[in-house]
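Here's a quick tour of a predicted model. Have a look at the fold before reading on.

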Amino acid sequence: MNIALVAHDKKKDDLIVLIKTYAHILEKHQLFATGTTGKRIAEATGLPVHCFRSGPLGGDQEIGAAVARGEMDMIIFFRDPLTAQPHEPDVSALMRLCDVYSIPLSTNMGGSEILIRSIEQGDFESLKLSHNDEPPA
């Protein structure tokens, strides 16, 4: 699976804890991330991570484009709901694309643990079948 990892500044440490905890599962998949988040994950875990641009510099949009092209299977996005983000429209657009294309999205630790454990159990068969379908009209 192609999994995108994104975290706002105050949430990066939490995401790294999650990735370290589930590295034994995630190492079997292709990881993508926005710039700084990806570099920090790679340094902390040793896992290979393809890094897009930083979120405010277009990284969220790059991940959104990958979703629209059928190239992402899951997004884990640790958002900071208590801090204003200058690129909030990009964040909203990415979340909207996940809804349009039925891409699993989690924005917190609890939901992310459920998604990652579901990967391990092979619970995404319908995603494999519909991955490249066009969005509903």
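## Helix α4

Helix α4 (residues 59-68) has these buried residues: Gly59, Asp60, Ile63, Gly64, Ala66 and Val67. Looking down the α4 axis, the buried residues fall within an arc of 160 degrees, so they line one face of the helix. That arc is taken from the directions from the helix axis to the C-beta atoms.

The cover over those residues includes β1, β2 (30-33), β4 and α5. After α4 comes Gly70, with a positive phi near 80 degrees.

## The sheet

Five strands make an open, parallel sheet, ordered β3-β2-β1-β4-β5. Each of the edge strands, β3 (49-51) and β5 (105-106), has a single partner, so one side of each lacks a neighbour in the sheet. Pairing takes at least two DSSP bridges between two strands; β4 and β5 pair over two, and Ile75 has Leu105 in β5 as its bridge partner.

## His87

His87 sits in the loop between β4 (74-78) and α5 (88-100). Its relative accessibility is 7%, which is why it counts as buried. Beyond neighbours within four places in sequence, His87 touches His8, Gly55, Pro56 and Asp60, contact meaning heavy atoms within 4.5 Å.

## Ground rules

Residues are numbered from 1 along each chain as its sequence is written, and side-chain values use heavy atoms, leaving out hydrogens and water. As the model is predicted, local features need pLDDT of at least 70 and side-chain atom pairs count only at 80 or more, while totals for chains, interfaces and linings use all residues.

Definitions and conventions:
Helices (H or I, at least four residues) and strands (E, at least two) are DSSP runs, numbered from the N terminus. Buried means under 20% relative accessible area, exposed over 50%, partly exposed in between (1.4 Å probe, protein chains only).
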